[in-house]
Amino acid sequence: MKITGIIAEYNPFHNGHLYQIKRARELTGADYVIVVMSGNFTQRGNPAVMDKYSRAKMALEGGADLVLELPVCYATGSAEYFASGAIALLTALGCVDSICFGSESGDIEALTQVAKALVHESSDYKKAFKANIKNGSTYPMARNAALAETLDGFVPYNRMLSYPNNILGIEYIKAILRQESPIVAYTNMRIGSDYHAYKLAETFSSALSIRQSLSIQDDLEMVHAQLPSKVYEIMKEDFHKTFPIFAADFSSMLKFKLIREREQGFTKYLDVTKSISDKLVRDTFKMQGFDDFCDILKSKDLTHVRVSRCLSHILLDIYEEDMEQYLEGGIVFYARVLGMKEDAAPLTKAIKKHTSVPLITKTTSAVSTLYPLGRKQFEQDVYASHVYECIAGTKYHAGMRDEYRRQIVKI
């Protein structure tokens, strides 16, 4: 039995994702595909446009066999944290042979070469990196320049670190190397619109452009062509009942949190440095909305996404100290199932036989199953879900669903 993993957000699931799952099976020869997916909050620091159970159902309809939730502390983390958590989870299952990810490069050897250079950091690289930082380069610019100066053959790939999927793919490989995971990495060249594209393409649009269209047009038919038919039906059923959800919907809740904690500062939260905390304290009362506040706080050295990520950590009570404990204690402590196919019994049987962490299919059993550190990580996931449900339920007058009573998706 061959098993491959895909790390994703599916925010929302679209034609490009359908293609990715198909290519993953072809490239790896996998019998089963496991997706590790962000829950209700994503790596850009924003809430997912649809809740995690709906997106898990989309993934299953799109060809996945099992969908696991990436703990929220990693799902909303930097690319390095995001990758570390996802690779650790797949490795802990004990039976995953490979991962497959999309990249702008499509060249696994080149991506691996860069990943190895960044993991091992030669003395020449460190010297060049420090020199570029001293000369005023940003971290990404300094890293790219140092690689160009010290890595043989890097020149043809010197724009590799300018593309988001390449960066994430390199982080996956770095995590595999650092964790000494037996998982083998594969990549396929990403097709369709650029990751950052705001406008819809003919059939292969970015998730960002789909979200943008839903936000501005508020018309599901506008994105119909970008979605597999079964995914469209799922979205049509829930449209204006439980979704779409956007960062702006959380503005009042975030503003309350910022005002309440303003006097003590925000450095206890993950990713929030002293300088960022000082900005937040100084500009709290300038906040009108979530995204507008990110624009106010961003600067040459502080991106909109980084600010958004910091704000999500404050909103969801994700602390720097907790992350340090997780990384020291084992990274992940459970595999939370969001959805599975009925005919995937051989897969779950293999996981139960080889896994080093509990496979959680019932939320209520997690409290008694997990040790304190794992319980803390899991309770953060539950809290994040309840925050999301509070906003979604209020926006669409649908009521707030209790995470402890939610059932996993089966098709």
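Arg23 is partly exposed, at a relative accessible area of 24%; on this scale buried means under 20%, exposed over 50% and partly exposed in between, with a 1.4 Å probe and protein chains only. Arg23 sits in helix H1 (residues 15-28). Its C-alpha lies 9.6 Å from that of Phe101, although 78 residues separate Arg23 and Phe101 in sequence. Helices here are DSSP runs (H or I, at least four residues), as are strands (E, at least two), numbered from the N terminus.

A word on the model: it is predicted, so local features need pLDDT of at least 70 and side-chain atom pairs count only at pLDDT 80 or more, while totals for chains, interfaces and linings use all residues. Residues are numbered from 1 along each chain as its sequence is written, and side-chain values use heavy atoms, with hydrogens and water left out.

The axes are lines fitted to C-alpha atoms, for helices over the stretch in contact, and angles run from 0 to 180 degrees between N-to-C directions.

| Helix pair | Angle | Axis distance |
|---|---|---|
| H13 (residues 290-297) and H14 (residues 304-315) | about 125° | 9 Å |
| H2 and H10 | about 160° | 9 Å |

The angle makes H2 roughly antiparallel to H10, whereas H13 and H14 are oblique to each other. The cut-offs are under 35 degrees for roughly parallel, over 145 for roughly antiparallel, 65 to 115 for roughly perpendicular, and oblique for the rest. H2 and H10 cross in a right-handed way, and the crossing of H13 and H14 is right-handed too; that label applies if the near helix is turned clockwise from the far one by less than a right angle, and left-handed if anticlockwise.

Who touches whom? Contact means heavy atoms within 4.5 Å. From H2 come Ser54, Lys57, Met58 and Glu61, and from H10 come Lys230, Val231, Ile234, Met235 and Asp238. That contact of H2 with H10 splits into 4 nonpolar, 1 polar and 4 charged residues. Over at the other pair, Phe290, Asp291, Phe293, Cys294, Asp295 and Leu297 of H13 meet His304, Val307, Ser308, Leu311 and Ser312 of H14. Here the tally is 6 nonpolar, 3 polar and 2 charged. Nonpolar covers Ala, Val, Leu, Ile, Met, Phe, Trp, Tyr, Cys and Pro, charged covers Asp, Glu, Lys and Arg, and the others, Gly among them, are polar.

On to the aromatics: there are 10 aromatic pairs in the structure. One of them is Phe41 with Phe250, edge-to-face at 5.6 Å centre to centre and 70° between the planes. Rings of Phe, Tyr and Trp (its six-membered ring) pair if their centres lie within 6.5 Å, with planes under 30 degrees apart stacked, over 60 edge-to-face and the rest tilted. The pair bridges distant parts of the chain, 209 residues apart: Phe41 is in the loop between strand S2 (32-38) and helix H2 (52-61), and Phe250 in the loop between helix H10 (229-238) and helix H11 (251-261).

Most residues other than glycine have a negative phi, and most peptide bonds are trans. Asp271, though not a glycine, has a positive phi of about 80°, and Asp271 is buried at 15% relative accessible area. Ile331 likewise has a positive phi, about 75°, and counts as buried at 14%. The Asn11 to Pro12 peptide bond is cis, with omega near 0°, and the one from Phe243 to Pro244 is cis with omega near 10°.
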